[in-house]
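Dear colleague,

Please find the structure below, handed over for your records. My notes on what was found in it follow.

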Amino acid sequence: MNEKVILQHLKDGSREALSLLWQAHSSNVLNLAFRMMKDRDEAEDILMDVFVQAPKAVQGFRGESALGTWLYRLTVNACLMKLRAQKRHRELEEEKLDVIIEEVLGKDEKDENFDAELLEKGLAELPAETRSMLWLKDAEDLDVKDLADIYRMPEGTIKARLSRARHFVRDYLKERKNHV
């Protein structure tokens, strides 16, 4: 079945369509949840939560993006809610810190004297949603269109937030480094 047919069957409450969705996307959802949560049990909980809420959530899904992208959005939202409650954002950024450092500072400014702890503090100053957006863009290499679908924002807004976040962190680092 193609995605439009699966989507319509999901909206009609078909368990077979939900099973097909599970077969096609559960491993991707689990992998994303694991990357964000860094805990297998929590990732499995997120996976279950996403697929339990999918039949109800699909009623608001208009089919403007792929089902996989929609599931990513559900997964990211579920993970962020759990991360907010557990305050584990710092661990999230550590996983791909080097990639984020390069994207925030640029390859030229990344040097041996770089203070990773200071970068983590700068990233921690960003709102959780912006941090996750930066992480998905820079560390997971999602494109702006996918981020726009996940966060339900125009691509221009995503680009602006990413740019402001990078500038904020860059300025934060320069300001703190000058005061040391």
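Does Trp 70 count as buried or exposed? At 1% relative accessibility, Trp 70 counts as buried, where buried means under 20% relative accessible area, exposed over 50% and partly exposed in between, with a 1.4 Å probe and protein chains only.

Please note that this is a predicted model, in which local features need pLDDT of at least 70 and side-chain atom pairs count only at pLDDT 80 or more, while totals for chains, interfaces and linings use all residues. Residues are numbered from 1 along each chain as its sequence is written, and side-chain values use heavy atoms, with hydrogens and water left out.

Overall composition

The secondary structure of the chain comes to ten helices and zero strands; helices (H or I, at least four residues) and strands (E, at least two) are DSSP runs, numbered from the N terminus. Of the 180 residues, 44% count as buried. The chain exposes about 10,100 Å², and carbon and sulfur atoms supply 46% of that area, as computed by the Shrake-Rupley method with a 1.4 Å probe, for which only the protein chains shown count as cover for residues. Contact means heavy atoms within 4.5 Å; among contacts between residues at least 6 apart in sequence, 66% join residues at least 24 apart.

Aromatic pairs

Rings of Phe, Tyr and Trp (its six-membered ring) pair if their centres lie within 6.5 Å; planes under 30 degrees apart count as stacked, over 60 as edge-to-face and the rest as tilted. By this rule the count comes to three aromatic pairs. One of them joins Phe 61 and Trp 70, whose ring centres are 5.1 Å apart with planes at 25 degrees, so the pair is stacked. Phe 61 is buried as well, with a relative accessible area of 4%. Phe 168 and Tyr 172 form a tilted pair, 6.1 Å centre to centre and with 35 degrees between the planes. These two residues are four apart in helix α10 (residues 155–178), and are therefore separated by about one helical turn. Phe 168 is partly exposed at 34%, whereas Tyr 172 is buried at 9%.

Helix α10 and its neighbours

Helix α10 has 24 residues and reaches 35 Å from its first C-alpha to its last, close to the 34 Å expected at 1.5 Å a residue; the expected span is 1.5 Å times one less than the number of residues. Its buried residues include Ile 158, Leu 162, Ala 165 and Arg 166.

Axes are lines fitted to C-alpha atoms, for helices over the stretch in contact, and angles run from 0 to 180 degrees between N-to-C directions. The axes of helix α9 (residues 144–151) and α10 come within 8 Å and cross at roughly 105 degrees. These helices are therefore roughly perpendicular to each other, a term used for angles of 65 to 115 degrees, with under 35 counting as roughly parallel, over 145 as roughly antiparallel and the rest as oblique. The axes of α8 and α10 come within 10 Å and cross at roughly 100 degrees, so α8 and α10 are also roughly perpendicular. On the α8 side, the residues in this contact include Met 133 and Leu 134.

Helix α8 (residues 128–138) is mostly covered, with nine of its eleven residues buried. Among them are Ala 128 and Trp 135. The C-alpha atom of Ala 128 is separated by 9.7 Å from that of Met 81, 47 residues apart along the chain. Met 81 lies in helix α4 (residues 67–86) and, at 58% relative accessibility, counts as exposed.

With kind regards
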